[in-house]
Amino acid sequence: MTDTIVIGAGLAGASAAWHLAERGHHVTVLERTTPANEHGSSHGSARIFRYAYPEQVYTDLVVRSKAGWDELQRVSGSQLIRSTGALDHGDIRNPTALARVLEAAGVEHELLSAAAAQERWPQFRFETDVLWHPGAGVLDAGGTVNAMLATASATGRLDLRTSWPVARVDRSGSGYLVHSATGETAEADGIVVAAGGWLPALLGELSLPSAFLAQFPELEVRQEQAFHFPYLDPGDAGADADPWPTFISKSHKLQTYGLPGGRDADWRGQKVAQFNGGKLIDSALQQDGVVDAANRRALIAYAEEFLPGVVPEPYAETTCLFTTTPTEDFVIDRVDNLVVLSACSGHGGKFAPLLGELAADLITGSGSVPDEFRVGAETGATA
């Protein structure tokens, strides 16, 4: 019998498998389709890596996570983060407050006026002060999942099972018996559940205590959409071009984010999306991949007003899943020998190497997690 079963082979699950295998545990990963598949939250080659958060705890955790990224890139021989720097602006985003958090964390940054930022980055338009921190970048989500699983596999202690949709988990003696929707079973001493957008549908089938479930925060699943706008200057396109910064813009007009698109968008433009702009669905099972026309119009209007360096007509578009809690905090907690690892909330990708470390600490009893991530915690994180 394997030591630990990990349910889900996205960024969180692959990270848990990597850390557990590196610590000498035999790990079985059960993935409903294939690792980093397009129906989950960990596909594609372009996610934002950044340090700027309103809450000190998250910025400090990014600093800690960066050490994990460096180690993963070293052992895998893969470049998983492309350096771009990041711009934060907008009256709701509050660049001055973000600068104070970065200062406390020792993260290099600069606070500029709108005019000074406009002069430095004429491809953007700003209405407020702007926070710049050069240590940010773009992470390769799909490449990271593959690197983690390959590194875990190299230990000889990983069993990856694809096309294995988990239906329920039962207690079995001192361990657990996992059942697939197709009648297969797998048994282990411990479980890490990293099911992403499928967690709402699976939560009641995990043999969790009723008191734990009663305190579990409500999970909101959205089918978000992102649009790729081509660069106006052809010299900005291509894998070898000097990349645009990533950005987060939060104002009363619209809350958006953007980043250079990766290889899956041919490196041709800026990927732009609206925070919580997608439709609500009960779980990942209900996604249909259809882009909302009204959201497309809103992002085109934003590009016309605030991104003078792009052609305001998307050449590509996509959907993805955001699974969030009411506070946008992660849920990472243990009951008996089962760990729920739900670190989505639209901002979990940058923490990927750290998430597996935290899950491994919990399942082995060798460490803990921030109180904010425990079931029943009452905080107010914002992305």
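Analyst: **Around Thr 2**

Leaving out residues up to four places away in sequence, Thr 2 touches His 26, Val 27, Thr 28, Glu 187, Ala 188 and Asp 189; touching, or contact, means heavy atoms within 4.5 Å. Before we go on, this is a predicted model, where local features need pLDDT of at least 70, side-chain atom pairs count only at pLDDT 80 or more, and totals for chains, interfaces and linings use all residues. Residues are numbered from 1 along each chain as its sequence is written, and side-chain values use heavy atoms, with hydrogens and water left out.

So where does Thr 2 sit? It's in strand S1, residues 2-7. (Helices are DSSP runs of H or I with at least four residues, strands are E runs of at least two, and both are numbered from the N terminus.) Thr 2 has 13% relative accessibility, so it counts as buried. Buried means under 20% relative accessible area, exposed means over 50%, and partly exposed is in between, using a 1.4 Å probe on protein chains only.

Let's follow one of those contacts, Thr 28. Thr 28 belongs to strand S2, residues 27-30, and it counts as buried because its relative accessibility is 4%. Setting aside neighbours within four places in sequence, Thr 28 meets Thr 2, Thr 4, Ile 5, Val 6, Asp 159 and Arg 161.

Zooming out, the protein chain has 9 helices and 20 strands. Buried residues make up 57% of its 383 residues. If you take contacts between residues at least 6 apart in sequence, 73% join residues at least 24 apart. The C-alpha trace spans about 65 × 40 × 40 Å along its principal axes.

Now for some helix packing. Helix H1 (residues 11-22) and helix H9 (residues 352-364) pack at an angle of about 60 degrees, with axes 7 Å apart. Axes are lines fitted to C-alpha atoms, for helices over the stretch in contact, and angles run from 0 to 180 degrees between N-to-C directions. That makes H1 oblique to H9: under 35 degrees counts as roughly parallel, over 145 as roughly antiparallel, 65 to 115 as roughly perpendicular, and the rest as oblique. On the H1 side, the contact includes Leu 11, Trp 18 and Leu 20, while the H9 side includes Pro 353, Leu 355 and Ile 363.

Helices H2 (residues 56-76) and H3 (residues 95-105) make another pair: their axes come within 10 Å and cross at roughly 45 degrees. H2 and H3 are therefore oblique to each other too. H2 brings Gln 56, Thr 59 and Asp 60 to the contact, and H3 brings Val 101, Leu 102, Ala 104 and Ala 105.

Most residues other than glycine have a negative phi. Asn 94, though, has a positive phi, near 60 degrees. Its relative accessibility is 37%, so Asn 94 counts as partly exposed. Asp 266 also has a positive phi near 60 degrees, and you'll find Asp 266 in the loop between strand S15 (255-260) and strand S16 (269-274).
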